[in-house]
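Subject: Structure for you to look at

Dear colleague,

Please find the structure below, with the sequence.

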Amino acid sequence: MSVTAFLRDRAASLLGLGLGLVFTAFLLFSLGLGPSAVGFLCAVFALCVLVPLGLDYVRRRFFYRRVIEELDALEEAYLLPGLLREPGFPEGDLLCQVLSRTAHSMNDQVSAARRESREYREYVETWVHEVKTPIASARLLLENHPGPLAERLDEELFRIDGCVEQALFYARSGSVDRDYLVKAMALEDCVRSALRRYSRPLIAAGFRLDPGTWSAVVYTDSKWVEFILGQLISNAVKYHGPSPTLSFSCREERYAVLLTVADNGPGIPPEDLPRIFDKGFTGANGRLLSTRSTGLGLYLCRKLCRRLGLSIQAQSEPGQGTRIILTFPKGRLHLLED
């Protein structure tokens, strides 16, 4: 609250004070008092009003400044009323009451939204586990009836299974802290496990693989990282060119382990590169080269990486392929081992 705004709000009181001083001075002159005495008495009357007014301004200014500071420091603005004390003047007390009622209503809505989100996530997880059973049964039936049609159906079942798994991880991405286990993980084993899972589409597309050989160990959740690698492999299969290749390389630095997944596909246009991790963004390649692009794979990869404390970035040039770099920070366990 500025001084100008405060004085403007108290304009009526100040006008009354001014008129009162004029009337008092006129009255005192009429009674025969000298100018010095009249000036002294008017000054005393003015101070009796202006000093409390100044103290009131200081109190209000301190309160409103604290409100702004607390609001700027909070990530959730509706928690503000719990940090405020009633200032002792009517407008401030009324503001605290209004904010308290607003926050109470907001807390109820947030609790309801979280409850609905949790119930929906639990439903999706249950549905995923239920639908995996008929998928597995269908694969067993196809194994007992080999043939070209069975192979094509098995490919479609693999795609369905990938979509189901993506739905499961998407549902769990909002609560990774409840469903992930950090432990030492050999990065090479995780890469090879992801490649085995996607071996059929890689072989069908004619990929030449270079999984690399290294001994890097990171501390993270292997299941989540394997899913992220699976999404990157799936993208490489979707947007492959002639004589496709897929390579993995690892570089250890002082405070991080960097895993690079590189392909020789068509690359990403420069105007699309900054947006490939946005939700639902398919870009030029998604519109022209793949009819199955949803724009969720890389978005989910970035979301899971942030939850796991990893970073992900992309480098690409049209016609030169794409490189996705996953950075695994080294923590205290790494440093103790070193």
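Two strands are counted as paired if DSSP finds at least two bridges between them. The model is a predicted one, and on that criterion it has an open sheet of 5 strands, in the order β2-β4-β5-β7-β6, with mixed pairing. The edges are taken by β2 (208–210) and β6, each of which has a single partner strand, so one side of each lacks a neighbour in the sheet. On average, neighbouring strands here are turned by 15° against each other, direction ignored.

Within the sheet, β4 (residues 245–252) and β5 (residues 256–263) run antiparallel and are joined by 7 bridges. S247 stands opposite A262 of β5.

Helix α8 lies across β4, β5 and β7, and runs at about 170° to β7.

The other is α10 (residues 297–308). With 12 residues at 1.5 Å a residue, α10 should span 16 Å, and its end C-alpha atoms are 16 Å apart, which agrees. Its buried residues are G297, L298, Y299, L300, C301, L304, C305 and L308. After α10 comes G309, which has a positive phi, near 80°.

Regards

How values were computed. Residues numbered from 1 in each chain as written. Predicted model: local features only at pLDDT ≥ 70, side-chain atom pairs only at ≥ 80, totals over all residues. Heavy atoms only, no water. Helix = DSSP H or I, 4+ residues; strand = E, 2+ residues; numbered from the N terminus. Expected span 1.5 Å × (residues − 1). Buried < 20%, exposed > 50% of the residue type's maximum accessible area, 1.4 Å probe, protein only. Axes fitted to C-alpha atoms, helices over the stretch in contact; angles between N-to-C directions. Contact = heavy atoms within 4.5 Å.
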